[in-house]
Amino acid sequence: MNITLIGMPGAGKSTVGVVLAKRMGMDFIDTDLIIQKEYNKTLSEIINEKGIEEFKKVENDVISKLELDNTIIATGGSAVYGKEAMKHLRDISKVVYIQLSEENIEDRLGDLNERGVVLEDGETLQELYDERIPLYKKYAHIIVNANDMVLREVVKNIEKVMLD
């Protein structure tokens with residue numbers, strides 16, 4: 001069994017994923033790091049060189065080819081744009097949406113470009129949030145509302161749902 005974590009940048013997918021993997025005795029991967037390793041560039045370098053649409057294709061392609069077992073998979077926030085990637089993740093794992101309010105996301109993010117957040121020119125974080133939320137809900141098997149929760153609580157909630 002695999003568990004895939006989806007959600008906005010800053011939702012804590014990677015941090016939760018590492019702790020969850022340790023608690024459940026599973027492996028952990030971050031799809032952003034796999035993309036960076038495959039291209040030998042940071043996400044922001046790939047986005048700056050190829051553009052947002054091409055980056056989404058790269059992300060979709062890399063995720064669609066993942067062959068994993070007993071792994072926690074933390075995705076980039078834009079993974080939900082890849083139909084093939086998300087179908088594959090739903091087939092090989094339970095997909096968990098870590099839900100946070102736009103205000104909490106904004107507080108956590110800092111410099112969006114530095115983080116490799118996929119924003120169109122002139123697009124606001126609120127617009128990106130509004131665009132992605134329906135996709136996260138569409139692809140999630142499980143939604144965990146992480147507002148007002150500390151890391152430990154989010155991890156325990158996901159672990160409990162997975163073991164029930």
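Author: At 40% relative accessibility, R108 counts as partly exposed, since buried means under 20% relative accessible area, exposed over 50% and partly exposed in between, with a 1.4 Å probe and protein chains only. R108 has its place in helix 6 (residues 102–109), where helices (H or I, at least four residues) and strands (E, at least two) are DSSP runs numbered from the N terminus. The C-alpha atoms of R108 and G12 are separated by 9.2 Å, and these residues are 96 apart along the chain. This is a predicted model, in which local features need pLDDT of at least 70 and side-chain atom pairs count only at pLDDT 80 or more, while totals for chains, interfaces and linings use all residues. Residues are numbered from 1 along each chain as its sequence is written, and side-chain values use heavy atoms, with hydrogens and water left out.

Reader: What makes N40 count as exposed?

Author: N40 has 70% relative accessibility, and therefore counts as exposed. N40 lies in the loop between helix 2 and helix 3, and has a positive phi of about 55° although it is not a glycine. Most residues other than glycine have a negative phi.

Reader: Why does N70 count as partly exposed?

Author: The relative accessibility of N70 is 32%, so N70 counts as partly exposed. N70 also has a positive phi, near 55°, in a residue other than glycine, and lies in the loop between helix 4 and strand 3 (71–74).

Reader: How do you know that the span of helix 4 agrees with its 13 residues?

Author: The expected span of a helix is 1.5 Å times one less than its number of residues, so the 13 residues of helix 4 (residues 52–64) should span 18 Å, and the end C-alpha atoms are 18 Å apart, which agrees. Among the buried residues of helix 4 are I52, F55, V58 and I63. The buried residues of helix 4 pack against helix 2 (31–39), helix 3 (43–50) and helix 5 (83–92).

Reader: What makes helix 4 roughly parallel to helix 5?

Author: Two packed helices are described by the angle between their axes and the distance between the axes. Axes are lines fitted to C-alpha atoms, for helices over the stretch in contact, and angles run from 0 to 180 degrees between N-to-C directions. The axes of helix 4 and helix 5 come within 7 Å and cross at roughly 25°. That makes helix 4 roughly parallel to helix 5, because angles under 35 degrees count as roughly parallel, over 145 as roughly antiparallel, 65 to 115 as roughly perpendicular and the rest as oblique. The contact (heavy atoms within 4.5 Å) is made by N60, I63 and S64 of helix 4 and K83, E84, A85, H88 and L89 of helix 5.

Reader: Why is helix 3 called oblique to helix 4?

Author: Helix 3 and helix 4 pack at an angle of about 125°, with their axes 7 Å apart. That angle makes helix 3 oblique to helix 4. The contact is made by L43, I46, I47 and K50 of helix 3 and I52, E54, F55 and V58 of helix 4.

Reader: What makes helix 1 oblique to helix 9?

Author: Helix 1 (residues 13–24) and helix 9 (residues 151–163) pack at an angle of about 55°, with their axes 10 Å apart. Helix 1 is therefore oblique to helix 9.
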